[in-house]
Amino acid sequence: MSLRSKSLLLVFWCLDPWLSHSYISTGNCTTVYEVFTMPVSTRALQQMAIYLGIVSGGGCAAMYYLIQQTFAKSEYYKLAIEELKKNDVALDALGAPPLQIRNIKLTNRNNRVDGISARIIIPVCGTKSAGYLHTYCIRDTVQKRWFLQEAILQLLDGQHFSVFSVTKDEDQS
C-alpha cells in the first residue's frame, strides 16, 4: 500500500534501540511519520457540506409545509373554520371578509392531537384585527367522525368571542 493511499497519520514510538536502524531516530526514541494525502480536496468537501446543508434544510422546510397542509385538510380543522365563517360577530371584529387563515405553529405545545381529541390554535386575521381561534374537538370512535366542542376567537387586543360551544343540554341529547 502506498503512502498516498493510506488514510491515517501513524505515529509510533519505539523504545527498543535495535529497531532504530529502519526508522528515523532521535536518541532512544524512534518516531515514524507517514504523511497521507486526502483522495478528495478540501474545496470539494466544503462544496459537498454546503450542498448537503441546503438539501437537508430544504427537506426540513418541505416536511414542515406538508405537515401544516395535513392539518389544514383534517376534519377537526375544517369544522372550526366553518363555524368561524358562520359567526357574523366574530367576522365583523376581524374585519372579514376577506378572512385570512394562517398556518398552525407546529412548535406550539398547546396544539395537541391524539386519536380521541384535538386541541389546536389557528391563527386568523382580517382587515381590522388578527387573533387566534382556539378549538377543541372530540372524535366519536363509533362513527369515526370529529365533533367540534368549543371554538373561541381571541383577538390580539384581548377581546374574546365564543364562536361555537356545546352546552351540557345539547351534549346529553
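User: What is a nonpolar core, as the term is used for this model?

Analyst: The model is predicted. A nonpolar core is a set of buried Ala, Val, Leu, Ile, Met, Phe, Trp, Tyr and Cys residues. The members are joined through side-chain atoms within 4.5 Å.

User: Which residues of the largest nonpolar core touch the most other members?

Analyst: In soluble globular proteins, nonpolar side chains tend to be buried together. The largest nonpolar core here has 23 residues. Those that touch the most other members are Y76, I122, L133 and L153.

User: Which elements give two or more residues to this core?

Analyst: The largest nonpolar core counts 23 residues. Both helices and strands give two or more residues to this core: α2, α3 (88–94), β6 (117–125), β7 (130–140), β8 and β9 (160–165).

User: Which residues does L133 touch, not counting residues up to four places away in sequence?

Analyst: L133 is one of the core residues that touch the most other members. Leaving out residues up to four places away in sequence, L133 touches A80, I81, L84, I120, I121, I122, A151, I152, L153 and V163.

User: How many helices and strands does the protein have, and what pattern do they follow?

Analyst: The secondary structure comes to 4 helices and 9 strands. Read along the sequence, the pattern is β-β-β-α-α-α-β-β-β-β-β-β-α.

User: Among contacts between residues at least 6 apart in sequence, what percentage join residues at least 24 apart?

Analyst: The protein has 173 residues, and buried residues make up 26% of them. For contacts between residues at least 6 apart in sequence, the part that joins residues at least 24 apart is 44%.

User: Are the rings of F71 and Y76 stacked or edge-to-face?

Analyst: A pair of aromatic rings is described by the distance of the centres and the angle of the planes. A search of the whole structure finds 2 aromatic pairs. In one of them, the rings of F71 and Y76 have their centres 6.5 Å apart and their planes at 75°. Planes over 60 degrees apart count as edge-to-face, so the pair F71 and Y76 is edge-to-face.

User: Which residue links with F71 and Y76 into a cluster through ring pairs?

Analyst: Y76 also takes part in an edge-to-face pair with W146, at 4.9 Å centre to centre and 70° between the planes. This pair links distant parts of the chain, with Y76 in helix α2 and W146 in strand β8, 70 residues apart. Y76 is buried at 9% relative accessibility, and W146 is buried with a relative accessible area of 10%. The residue that ring pairs link with F71 and Y76 into a cluster is W146.

User: E83 forms a salt bridge with K86; is E83 buried or exposed?

Analyst: The closest N and O atoms of E83 and K86 are 3.4 Å apart. Being 3 residues apart in helix α2, they are separated by about one helical turn. K86 is exposed, with a relative accessible area of 58%. Buried means under 20%, so E83, with a relative accessible area of 18%, is buried.

User: Which residues is E83 in contact with, leaving aside its neighbours within four places in sequence?

Analyst: E83 lies in helix α2. Beyond its neighbours within four places in sequence, E83 is in contact with L148, V163 and F164.

User: Which residues form a nonpolar patch on the surface?

Analyst: One member is V40, in the loop between β3 (29–34) and α1 (42–73). V40 is partly exposed, with a relative accessible area of 36%. The patch has about 550 Å² of accessible area together, and its residues are V40, L45, M48, Y51, L52 and V55.

How values were computed:
Residues are numbered from 1 along each chain as its sequence is written. This is a predicted model: local features need pLDDT of at least 70, side-chain atom pairs count only at pLDDT 80 or more; totals for chains, interfaces and linings use all residues. Side-chain values use heavy atoms; hydrogens and water are left out. Patches are made of residues with over 30% relative accessible area and no salt bridge: like charges are joined within 9 Å, nonpolar side chains (Val, Leu, Ile, Met, Phe, Trp, Tyr) within 5 Å. Accessible areas come from the Shrake-Rupley method with a 1.4 Å probe; for residues, only the protein chains shown count as cover. A salt bridge is a side-chain nitrogen of Lys or Arg within 4 Å of a carboxyl oxygen of Asp or Glu. Buried means under 20% relative accessible area, exposed over 50%, partly exposed in between (1.4 Å probe, protein chains only). Contact means heavy atoms within 4.5 Å. Rings of Phe, Tyr and Trp (its six-membered ring) pair if their centres lie within 6.5 Å; planes under 30 degrees apart count as stacked, over 60 as edge-to-face and the rest as tilted.
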